[in-house]
Amino acid sequence: MKKSVELYEIVRLIRPVHRRLARAVEANLSGTGVTVGMRAVMEVLDETGPLSVPEIGRVLFLTRQQIQLIVNALEEAGVVERQPNPAHRRSPLFSLTDQGKTVFGEVRARENDEIDAVCELFSADDILATQRVLCAMLDHFAEFEDDPDRPKALE
């Protein structure tokens with residue numbers, strides 16, 4: 001079969017895979033008090049350290065307003081805390097608290113169990129090839145990336 005036909009089949013599978021992964025993440029969060037959006041912000045802060053709301057929005061391609069609502073909920077839950085931002089007086093930095101690190105660590109541990117189970121289906125070469133294909137597609141279609149400060153809704 002032609003490579004373009006095979007690649008198109010991968011493209012067609014991306015949306016249902018993404019939806020099922022999102023549902024699996026949501027199910028994994030059951031009982032934690034953490035939403036999918038909160039989990040995404042916590043992951044960014046876990047990976048990067050303290051960031052401002054606009055910086056988190058740029059990483060996640062979400063508006064500052066959307067991130068502010070999530071950060072407010074995380075702060076109220078005691079899993080993030082604000083810190084002074086030496087680069088900008090009116091835009092504080094946010095970081096995970098010790099409790100936030102614990103909660104996020106528990107969430108990731110649950111997710112790792114699922115990922116480990118799926119990994120059993122593939123060889124290391126399969127996984128590396130998939131990474132290469134997806135990265136090449138991201139690079140090829142980079143011109144269609146949103147401005148992270150002004151992400152557009154899909155129509």
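Is Glu43 buried, partly exposed or exposed? Glu43 is partly exposed, because its relative accessible area is 25%, where buried means under 20% relative accessible area, exposed over 50%, and partly exposed in between (1.4 Å probe, protein chains only).

This is a predicted model, in which local features need pLDDT of at least 70 and side-chain atom pairs count only at pLDDT 80 or more, while totals for chains, interfaces and linings use all residues. Residues are numbered from 1 along each chain as its sequence is written, and side-chain values use heavy atoms, with hydrogens and water left out.

## Overall layout

The chain contains six helices and three strands; helices (H or I, at least four residues) and strands (E, at least two) are DSSP runs, numbered from the N terminus. Read from the N terminus, the order of elements is α-α-β-α-α-β-β-α-α. The C-alpha trace spans about 60 × 35 × 25 Å along its principal axes.

Of the 155 residues in the chain, 23% are buried. The chain exposes about 11500 Å², and carbon and sulfur atoms supply 56% of that area. Accessible areas come from the Shrake-Rupley method with a 1.4 Å probe, and for residues only the protein chains shown count as cover. Among contacts between residues at least 6 apart in sequence, 52% join residues at least 24 apart; contact here means heavy atoms within 4.5 Å.

## Salt bridges

Side chains of opposite charge can pair when their charged atoms come close. A salt bridge is counted when a side-chain nitrogen of Lys or Arg is within 4 Å of a carboxyl oxygen of Asp or Glu. A search of the whole structure finds five salt bridges, among them the pairs below.

| Positive residue | Negative residue | Closest N and O atoms |
| Arg39 | Glu43 | 3.1 Å |
| Arg82 | Glu75 | 2.9 Å |
| Arg108 | Glu111 | 2.9 Å |

Arg39 and Glu43 both belong to helix H2 (residues 36-48), where they are four residues apart, about one turn of the helix. Arg39 counts as buried because its relative accessibility is 9%.

Glu111 lies in helix H5 (residues 98-119). Glu111 and Arg108 are three residues apart in H5, so about one helical turn separates them. With a relative accessible area of 7%, Glu111 is buried, whereas Arg108 is partly exposed at 26%. Leaving aside neighbours within four places in sequence, Glu111 is in contact with Val25, Asn28 and Arg39. Arg39, Glu43, Arg108 and Glu111 are linked in a network of salt bridges.

In the pair of Arg82 and Glu75, Arg82 is partly exposed at 45% relative accessibility, and Glu75 is partly exposed at 25%.

## Surface patches

Patches are made of residues with over 30% relative accessible area and no salt bridge; like charges are joined within 9 Å, and nonpolar side chains (Val, Leu, Ile, Met, Phe, Trp, Tyr) within 5 Å. Lys and Arg count as positive and Asp and Glu as negative, while His and the chain ends are not counted. The place of a charge is taken as NZ of Lys, CZ of Arg, CG of Asp or CD of Glu.

Arg15, Arg19, Arg20 and Arg23 form a positive surface patch. Arg15 is found in helix H1 (residues 3-28) and counts as exposed because its relative accessibility is 63%. A negative surface patch consists of Asp113, Glu114, Asp116 and Glu120. Glu120 sits in the loop between H5 and helix H6 (124-140), and this residue is exposed, with a relative accessible area of 69%. Over the chain, the mean positions of the 19 positive and 26 negative charges are 6 Å apart.

A nonpolar surface patch is formed by Leu7, Tyr8, Ile10, Val11, Ile14, Val133 and Leu134, which together have about 540 Å² of accessible area. The elements giving two or more residues to this patch are H1 and H6. H1 gives the most, with five residues. Ile10 lies in H1 and is partly exposed at 37% relative accessibility.

## A loop position

Ala77 lies in the loop between helix H4 (64-76) and strand E2 (80-83). Ala77 is partly exposed, with a relative accessible area of 42%. Ala77 and Glu111 are 34 residues apart in sequence and 22 Å apart in space, C-alpha to C-alpha.
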